[in-house]
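Trainee: Hi, could you walk me through this model? I'd like to ask things as they come up.

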Amino acid sequence: MKIGIKEWDLDIIKDVFNDRDQKLILDIDMQDSGDEYMLYWKHENSGLYSVKSAYRWIQFNKGRWCIEDKASIWAKLWSIKAPPKTLNVVWRALSKCLPTLVQLQIKRVQIEALCPVCHVDSKTILHILVTCEFAQHCWDILGIDIQRFKLTDFIDWLTEVLSTCNLKKQVECITLCWALWRAQNDLVWNQRSSTVNKTVAAAK
Ligand SMILES: [Zn+2]
């Protein structure tokens with residue numbers, strides 16, 4: 001909705017929703033009623049958005065929400081004493097909300113999804129943070145043999161890795177994920193390439 005006027009923002013609707021949902025939204029006549037409109041977040045009784053309820057909702061939909069499961073990757077992640085910015089990147093990676101090129105393609109943004117670092121594989125979250133040749137060298141230096149762990153999905157991979165690490169190494173793993181994400185962003189958006197050593201140094 002455009003701010004201050006009762007009119008749909010077509011650009012945002014086309015970017016975010018599929019054809020069916022676009023039609024359903026646009027069929028709602030905003031001019032009909034004299035009532036005031038407000039956004040209502042249905043996962044809170046107050047109708048006001050909160051990160052906590054959004055997080056629960058996302059995890060619940062993925063079948064991963066379990067408050068009592070202290071061994072879960074989610075509980076584990078927030079118990080790690082890494083800088084908040086690094087935990088935030090990993091949390092978004094685990095939630096599949098890091099805007100990788102593949103994720104953008106899923107949202108129907110027309111772009112080439114080949115990894116900008118190696119130009120070999122699709123730029124998925126697992127690829128950028130783990131299996132890309134550049135990332136593999138970084139993990140090697142950190143002393144993590146990525147092949148020892150399940151490489152089907154980032155969440156599976158990280159769960160296994162963290163379960164084998166001591167607290168200090170867990171922080172380094174989380175920080176390396178953040179450093180890898182920052183390195184590829186620097187390359188894509190600023191055309192600045194990083195080295196393996198510099199990327200790993202940021203994680204120590
Ligand atoms: Zn790559």
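Trainee: Let me start with a cysteine: is C177 buried or exposed?

Mentor: C177 counts as buried, at 0% relative accessibility. Buried means under 20% relative accessible area, exposed means over 50%, and partly exposed lies in between, using a 1.4 Å probe and protein chains only. Before we go on, this is a predicted model: local features need pLDDT of at least 70, side-chain atom pairs count only at pLDDT 80 or more, and totals for chains, interfaces and linings use all residues. Residues are numbered from 1 along each chain as its sequence is written, and side-chain values use heavy atoms, with hydrogens and water left out.

Trainee: Thanks! How far is the sulfur of C177 from the closest cysteine sulfur?

Mentor: That closest sulfur belongs to C173 and is 7.1 Å away, too far for a bond. A disulfide is a pair of cysteine sulfur atoms within 2.5 Å, and a search of the whole structure turns up 0 of them.

Trainee: Which residues coordinate the zinc ion?

Mentor: C115 (SG), C118 (SG), H127 (NE2) and C132 (SG) do, at 2.1 to 2.3 Å. Donors are N, O and S atoms within 2.8 Å of the metal (3.2 Å for Na, K and Ca); water is not among the atoms, so sites may look incomplete. C118 sits in the loop between α6 (101-106) and α7 (125-131), while C132 is in the loop between α7 and α8, so this pair, 14 residues apart, links distant parts of the chain. Helices here are DSSP runs (H or I, at least four residues), as strands are (E, at least two), numbered from the N terminus.

Trainee: And what spacing do the donors follow along the chain?

Mentor: They follow C-x2-C-x8-H-x4-C. Both C118 and C132 are buried, and C115 is buried with a relative accessible area of 0%.

Trainee: What arrangement do the 4 donor atoms make?

Mentor: Tetrahedral, because their angles around the zinc ion are 102 to 120°. Four donors count as tetrahedral if all angles lie between 85 and 135 degrees.

Trainee: Switching topic: which residues touch the most other members in the largest nonpolar core?

Mentor: L129, W139, F154 and W157, out of 48 residues in that core. The largest share, 9 residues, comes from α10. A nonpolar core is a set of buried Ala, Val, Leu, Ile, Met, Phe, Trp, Tyr and Cys residues joined through side-chain atoms within 4.5 Å.

Trainee: What is W157 in contact with, beyond its neighbours within four places in sequence?

Mentor: L126, V130, W139, I144, I146, F149, K150 and L151. Contact means heavy atoms within 4.5 Å.

Terms used:
Four donors count as tetrahedral if all angles lie between 85 and 135 degrees; four count as square planar and six as octahedral if opposite donors are over 155 degrees apart and all others between 65 and 115; anything else is irregular.
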